[in-house]
Structure formats: structure tokens, C-alpha cells
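Subject: Structure for you to look at

Hello,

Here is the structure I promised, with the sequence. Please open it first, then read my notes below.

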Amino acid sequence: MKIKSAQLIYFSAAGTTERTACLIGEGLALPTQGRNLLRQPLTEEWALPADCLAVVCVPVYAGRVPALCAESLRRLKGEGGPALAVAVYGNRDFDDCLVELSDLLEAGGFHTVGAAAAVAQHSIFPTVGQGRPDGEDAAFLARFAAGGEAAAEALDPAAPPALHLPGGRPYREARSVPLHPSGDRRCTGCGACAAVCPAGAIDPAAPKETDGERCIACAACIAVCPTGARAFRGPAYRLAQKGFEKKCAARREPVAFFG
Ligand SMILES: Cc1cc2nc3c(=O)[nH]c(=O)nc-3n(C[C@H](O)[C@H](O)[C@H](O)COP(=O)(O)O)c2cc1C
Ligand code: SF4
Ligand code: SF4
């Protein structure tokens, strides 16, 4: 199948999933466009032509595709074209995320011709996987891009490749993270955090506070805050961070899957 272009589609709050998608894009010999589903969710169906390679990158949230991201991906349609499924995780594990992402893509009419689990700095505990994706990750993602483009060109829709992905069905239960960022006295009230929050958890009139019922702990507000006022903080956070750093200290390596 002659592939004419690629669409980088990602859900990125703290920026590493976007960076991963861009590194894959740089490794493709195709014209590419990009869309961040966190900032521009799909509110209606979006169909990609069959000669477009969809590169779909999602962060792993508690071993799953983030629910808000899955909501958008259910509106993405493939018309029999190829897709690369990429789960970006914070050096703990990707559990059922890649299987779930591939299932979402197949249900939308794509053929998943390749998949990868890539590692990035953890957005809640940034000392875990700190600085990743790094140079070695970038080299892996360039190789993955080349392999993915070749697999897309080789796609025969009558006999699509069968990928064997780690992870199971039914997927592990979706769990929310009971940690939420807040603002401190450096807050100037600029409203950037409330504008970016995908869950409507910040009232622009009181941006130091967070609605814990709505917050999905994505860290987008921390990434955009110009003064460094918003952060995960408090004794419960520090305790969780200590345990998590210990548990996830060993470096994990990215891995690719082709049929
Ligand atoms: C709510 C939440 C849950 C997460 N769960 C996991 C997990 O199960 N395994 C893991 O290795 N990393 C986990 N992470 C880390 C993210 O997968 C990782 O930091 C990802 O690169 C974030 O993407 P972003 O920088 O584009 O926002 C989690 C992060 C968040 C915010
Ligand atoms: S982005 Fe930062 S400075 Fe701006 S309102 Fe939010 S917490 Fe305050
Ligand atoms: S308040 Fe929660 S959901 Fe909203 S951007 Fe911040 S971490 Fe994400």
C-alpha cells in the first residue's frame, strides 16, 4: 500500500508523549501533521484516508489508556489504513495499555502494523525516568519509525499482520490516582492552568485550588504554569514519591512489536 502522509495523534499533558510522537515523526520519510487530543479532543468523527499512516501515542495511566483519551480515540476512523500504536510509560509498566490501544484502533477500522512501549519521565514523580526520552530512546524511536513505515507500505488489507502484544483482556480495572496538584503563593492568577485542564478541575477564579473529584492527575496545569506555582505537594505525595522512586529505580528499556 503506497503511503502518502502520516498523522501524529497523541494525548500529552506534560509533554513527553508529544516529544515521543515527534521523535517518531522525525524518523519517517513522510509529510507529517500532529494533533494533541488533550488540547484538541475529538468531538466528532475524524476519518483518515487509507494512504495515511496514523501514529497514535498515548501515556499509560494506571496501566490503561487514559479514559479521556479513549473517548477521543473512539471517534477516530481508519478506513482500512495502517496505524502504529505507542504506549508511553513512566518507567513502571505499561500493563494492558498497548493491547487496549491496539483494540481501539482496530475497532476504528485501522490495521495495527506495529506497536511500541516507550519510556518517559514520570509526570507525577519526575525523578523516575528523569530526562527521558533521552538519546538512546531517540535512537530507538528512529528505528521504530523506519520499521513502522516499512510495515505500513507492506500492509495487505486482506492479510494484515498479527501482532502479539503483552497485556491482557479484560483490561485491568481503571483506577484514578488520589494525588492532585495545587498552587502556592507564586500564583499570579493568570488562568493558564484552568484553560488547559482537560477535566475542568480548576476554577479560573480560584486557580490555587483543585477539584479532587474531577482532577485526573495529568499534570498539564504544572507544565503550563509560568511561575512554578502549581505542583504535587504535601505529606501524602512525598510518602508516595519515596516508595515509588524505590520501586521503579531500575531503568526500563523501550520495546517494539511487529507482525
Ligand atoms: C494518572 C497517571 C497515571 C500513570 N500511571 C502510570 C503507570 O501505570 N505506569 C507507568 O509506568 N507510568 C504511569 N504514569 C506516567 C506516565 O505514563 C508518563 O509520565 C507519561 O510519559 C506521561 O505523558 P505526558 O508527559 O505526555 O503527559 C502515570 C501518569 C499519570 C499522570
Ligand atoms: S498557571 Fe500558575 S500562575 Fe497561572 S493561575 Fe494557574 S497556578 Fe496561578
Ligand atoms: S487539575 Fe488535575 S486534571 Fe486539571 S490539569 Fe491539573 S492535574 Fe490535570
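A residue counts as near a molecule if one of its heavy atoms lies within 4 Å of it. By that rule, 15 residues surround ligand 3. C197, C215, C218, A219 and C221 are the closest of them. Please bear in mind that this is a predicted model.

**Ligand 3**

The shell here has 13 nonpolar residues, one polar and one charged. Where does ligand 3 sit? It takes up the space of the second largest cavity.

**Ligand 2**

Ligand 2 sits in the largest cavity.

**Ligand 1**

Now to ligand 1, which sits in the largest pocket. The elements that give two or more residues to its shell are α1 (16-26) and β6 (82-89). In total, 26 residues are around ligand 1. S12, A14, T16, T17 and V60 come nearest. The shell divides into 14 nonpolar residues, ten polar and two charged.

Which domains supply the shell around ligand 1? At least three residues come from domain 1 (5-170 + 251-258), and at least three from domain 2 (192-247).

Some backbone contacts to ligand 1 are worth a look on screen:

- A polar backbone atom of A14 is 2.8 Å from an oxygen atom of ligand 1.
- For Q121, a polar backbone atom is 2.9 Å from an oxygen atom of the ligand.
- For V88, the distance from a polar backbone atom to a ligand oxygen is 3.3 Å.

How much of ligand 1 does the protein cover? On its own, ligand 1 has 640 Å² of accessible area, and the protein covers 97% of that.

**Backbone points to check**

Most residues other than glycine have a negative phi, and most peptide bonds are trans.

The peptide bond from R132 to P133 is cis, with omega near 5 degrees. P133 is in the loop between β7 (111-119) and α4 (135-153).

The peptide bond from R169 to P170 is also cis. Its omega is near -5 degrees. P170 is placed in the loop between α4 and α5 (192-196).

D95 lies in the loop between β6 and α3 (97-107).

**To recap**

Ligand 1 is in the largest pocket. Ligand 2 is in the largest cavity. Ligand 3 is in the second largest cavity.

Best wishes

Note on methods:
Residues are numbered from 1 along each chain as its sequence is written. Chains are lettered from A and ligands numbered from 1 in the order in which they are written. This is a predicted model: local features need pLDDT of at least 70, side-chain atom pairs count only at pLDDT 80 or more; totals for chains, interfaces and linings use all residues. Side-chain values use heavy atoms; hydrogens and water are left out. A polar contact is a pair of N or O atoms within 3.5 Å; within protein, one must be able to donate a hydrogen and the other to accept it, and residues adjacent in sequence count only if both atoms are side-chain atoms. Accessible areas come from the Shrake-Rupley method with a 1.4 Å probe; for residues, only the protein chains shown count as cover. On a 1 Å grid over the protein atoms alone, a cavity is a set of points where a 1.4 Å probe fits but cannot get out, and a pocket is an open set with protein on both sides within 12 Å along at least five of seven lines; lining residues have an atom within 4 Å of a point. A molecule sits in a cavity or pocket if more than half of its atoms lie within 2 Å of its grid points. Helices (H or I, at least four residues) and strands (E, at least two) are DSSP runs, numbered from the N terminus. Ala, Val, Leu, Ile, Met, Phe, Trp, Tyr, Cys and Pro count as nonpolar, Asp, Glu, Lys and Arg as charged, and the others, Gly among them, as polar. Domain bounds come from an automatic or database domain assignment.
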